[in-house]
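Visitor: Could you take a close look at one part of this model and then work outward from there?

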Amino acid sequence: MPPSATAILRVAESLAHNGDTEGMWSHLRQVSLEEFGEFLIGLPNPQYPSLSRALPAMASVEVQRNWTGNSGQLLLVQTLSFVRSVQRHFPQFTGRPLEGAKILDFGCGYGRISRLMYHFTPPANLYGVDPMEESIRLCRESRMPGNFFVSDYLPESLPFSENRFDLIFSFSVFTHLSLRATRTALGTLRRYIAPDGLLVITIRPEEYWRSTTLDPSAQRTADEVLADHRRDGFAFVPHRRGTVDGDVTYGDTSLSLAWLAREFPAWRIVGQDHNPADPLQILVFLAADEKSHS
Ligand SMILES: C[S@@+](CC[C@H](N)C(=O)[O-])C[C@H]1O[C@@H](n2cnc3c(N)ncnc32)[C@H](O)[C@@H]1O
């Protein structure tokens with residue numbers, strides 16, 4: 001019978017206490033992803049003082065709600081559903097396991113999903129970027145091990161030299177970007193993916209517009225925005241925010257797979273998955289199309 005999660009965590013605690021970081025990680029990876037996530041959302045934990053020093057403190061409930069609209073157990077269930085989907089599809093589309101992969105979290109926020117990626121890869125292989133300085137400040141304040149940097153809202157490049165990521169994922173980011181920010185980010189990310197790597201993004205389908213309440217400041221009806229989507233394959237309603245180089249880069253966005261395929265021939269759509277926690281947020285899996293790389 002395999003040792004219980006508690007027994008494994010106790011060994012990891014004593015390894016962390018003795019400064020054996022590698023041993024600590026290899027034990028932490030022996031608990032299930034669900035147990036690992038559960039443990040992380042409870043940190044710091046006075047029963048595990050050394051692990052609490054070695055692992056990131058969980059973000060406050062307020063930060064979790066502000067960045068992701070939910071918190072605690074409910075949010076963990078949603079995060080696990082996304083990460084399990086990525087874990088399942090990565091080998092299917094790349095022929096390799098996720099373990100040990102070089103991973104980039106694009107629009108990482110306070111590091112919600114990155115935290116679970118420690119279950120698969122050493123912190124040195126984990127990168128996260130976000131253009132909101134407060135996001136990266138929160139990652140650093142909670143002492144997330146790995147590489148977390150502020151990026152540009154219209155990123156022509158990323159703030160590091162690593163450019164062969166096995167996996168780039170971006171949850172609830174392309175559901176919010178303007179046309180210009182979407183084009184810039186997807187074009188730039190293409191230069192950072194390994195030839196056999198996988199990009200996972202989430203998008204909103206056209207049904208989104210009739211399920212949501214538009215900010216009155218947008219002065220648009222759901223039917224008008226839906227018409228944009230049906231005509232162009234892309235629709236965007238900006239939030240009330242400042243501009244970046246003349247563009248309000250953030251709001252609510254829907255886009256179609258046909259639009260993605262047409263606009264980005266250097267990316268090949270290889271699959272999609274539904275998100276049980278949010279049926280109107282679809283996961284799209286993209287591979288680098290070598291034939292049409294610019
Ligand atoms: C809804 S939050 C999701 C955060 C994180 N991906 C998660 O799921 O926990 C959207 C994130 O996108 C970031 N963001 C905003 N504009 C961006 C841009 N132009 N490029 C990349 N990320 C952006 C925000 O700062 C924010 O952290």
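Guide: Let's start where strand β8 (residues 267-273) runs antiparallel to β9, with 6 bridges joining the two. A word on what you're looking at: this is a predicted model, where local features need pLDDT of at least 70, side-chain atom pairs count only at pLDDT 80 or more, and totals for chains, interfaces and linings use all residues. Residues are numbered from 1 along each chain, as its sequence is written. The labels are DSSP runs counted from the N terminus: helices are H or I with at least four residues, and strands are E with at least two. Two strands are called paired if DSSP finds at least two bridges between them.

D273 stands opposite L283 in β9, and Q272 has V284 of β9 as its bridge partner. Now look at the other neighbour of β9 (residues 282-288): strand β5 (residues 193-203) pairs with β9 over 6 bridges, again in the antiparallel sense. There, L199 stands opposite L286 of β9. As background, strands of a sheet pair through backbone hydrogen bonds, either parallel or antiparallel.

Step back and you have an open sheet of 7 strands with mixed pairing, in the order β3-β2-β1-β4-β5-β9-β8. Its edges are β3 (147-150) and β8, each pairing on one side only. From one strand to the next, the twist averages 20 degrees. At the β3 end, helix α8 (residues 133-141) packs on the sheet and touches β2 (126-130) and β3, its direction making about 155 degrees with that of β3. That angle is between N-to-C directions on a scale from 0 to 180 degrees, with axes being lines fitted to C-alpha atoms (for helices, over the stretch in contact). Contact itself is when two residues have C-beta atoms, placed from the backbone, within 7 Å.

R143 isn't a glycine, yet its phi is positive, near 60 degrees. R143 is exposed because it has 11 other C-beta atoms within 10 Å. The scale goes like this: 20 or more other C-beta atoms within 10 Å of a residue's own is buried, 12 or fewer is exposed, and in between is partly exposed, again with C-beta atoms placed from the backbone. D245 counts as exposed because it has 9 C-beta neighbours inside 10 Å.

L189 is in contact with F106, I168 and L199, leaving aside its neighbours within four places in sequence. The largest nonpolar core has 72 residues, and I103, L167, I168, L189, L199 and V200 have the most contacts inside it. Helix α6 (residues 72-94) gives this core its largest share, 7 residues. The core draws at least three residues from each of domain 1 (5-54) and domain 2 (61-292). A second, separate core of 6 residues includes W209, V225, F236 and V237. A core here is a set of buried Ala, Val, Leu, Ile, Met, Phe, Trp, Tyr and Cys residues joined through C-beta atoms within 7 Å.

Taken over C-alpha atoms, their centres are 29 Å apart. The contact takes 9 residues from domain 1 and 10 residues from domain 2. Helix α3 (residues 33-41) supplies the largest share of the domain 1 side, 7 residues. That side divides into 5 nonpolar, 1 polar and 3 charged residues, where Ala, Val, Leu, Ile, Met, Phe, Trp, Tyr, Cys and Pro are nonpolar, Asp, Glu, Lys and Arg charged, and the others, Gly among them, polar. In the loop between α3 and α4 (49-54) you'll find P44, and the peptide bond from L43 to P44 is cis, with omega near 0 degrees.

Conventions: Domains from an automatic or database assignment.
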